[in-house]
Amino acid sequence: MDRTEEQLKVIQQKDALAFLDEIRSEFPNDNNKVFQEFIKIMADFKSNEIGTKQVLERTTQLFSGHRTLIQQFVQFLPPGHVLQKTTDLQDSTCIEIKTPSGDLIIVDSTRGIVES
């Protein structure tokens, strides 16, 4: 691993830790239930028990009503998943994600629903 890759890895770790702090601050009164469920989802994903679409579905349901958290989570999806600009300004609850294959995934951040 060269120096640039090492620096990128450190930045990504800092981003991940900051995101975990953000989860805790968004749900301060739930006794870490959302945080613990998120950790479980990520463990299932890392062990290949669930795929990218399932991790997105479960995380979207978990963070339902917290659009910013869902948007921030997209950066941790596998490479090639890109957050798109919302095309319909009136529907600011929807988040569009382009997959590496070019498919579009639409996330309703209010209802916690993923459509592809």
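## Basis of the description

Residues are numbered from 1 along each chain as its sequence is written, and side-chain values use heavy atoms, with hydrogens and water left out. Because the model is predicted, local features need pLDDT of at least 70 and side-chain atom pairs count only at pLDDT 80 or more, while totals for chains, interfaces and linings use all residues.

## Packing of H2 and H3

Helix H2 spans residues 33-46 and helix H3 residues 52-62 (helices are DSSP runs of H or I with at least four residues, numbered from the N terminus). Their axes come within 10 Å and cross at roughly 175° (axes are lines fitted to C-alpha atoms over the stretch in contact, and angles run from 0 to 180 degrees between N-to-C directions). H2 is therefore roughly antiparallel to H3 (the term applies to angles over 145 degrees).

On the H2 side the contact (heavy atoms within 4.5 Å) involves Val34, Glu37, Phe38, Lys40, Ile41, Met42, Asp44 and Phe45. H3 contributes Thr52, Val55, Arg58, Thr59 and Leu62. These residues comprise seven nonpolar, two polar and four charged (Ala, Val, Leu, Ile, Met, Phe, Trp, Tyr, Cys and Pro count as nonpolar, Asp, Glu, Lys and Arg as charged, and the others as polar).

## Aromatic pairs

The structure holds seven aromatic pairs (ring centres within 6.5 Å; planes under 30 degrees apart are stacked, over 60 edge-to-face and the rest tilted). One of them joins Phe19 and Phe63 edge-to-face, at 6.2 Å centre to centre and 75° between the planes. Phe19 belongs to helix H1 (residues 3-26) and Phe63 to the loop between H3 and helix H4 (67-74), 44 residues apart. The rings of Phe27 and Phe63 are stacked, because their planes lie at 25° with the centres 6.3 Å apart. Phe27 is in the loop between H1 and H2, so this pair ties together parts 36 residues apart in sequence.

Phe19 is buried at 5% relative accessible area (buried means under 20%, exposed over 50% and partly exposed in between, with a 1.4 Å probe and protein chains only). Phe63, at 0%, and Phe27, at 16%, are buried as well. Phe19, Phe27, Phe38, Phe63, Phe73 and Phe76 form one aromatic cluster.

## Loop residues with positive phi

Asn32, in the loop between H1 and H2, has a positive phi near 65°. At 33% relative accessibility, Asn32 is partly exposed. Asn48, in the loop between H2 and H3, has a positive phi of about 65° although it is not a glycine. Asn48 is exposed, with 67% relative accessibility.

Terms used: Helices (H or I, at least four residues) and strands (E, at least two) are DSSP runs, numbered from the N terminus. Angles under 35 degrees count as roughly parallel, over 145 as roughly antiparallel, 65 to 115 as roughly perpendicular and the rest as oblique. Rings of Phe, Tyr and Trp (its six-membered ring) pair if their centres lie within 6.5 Å; planes under 30 degrees apart count as stacked, over 60 as edge-to-face and the rest as tilted.
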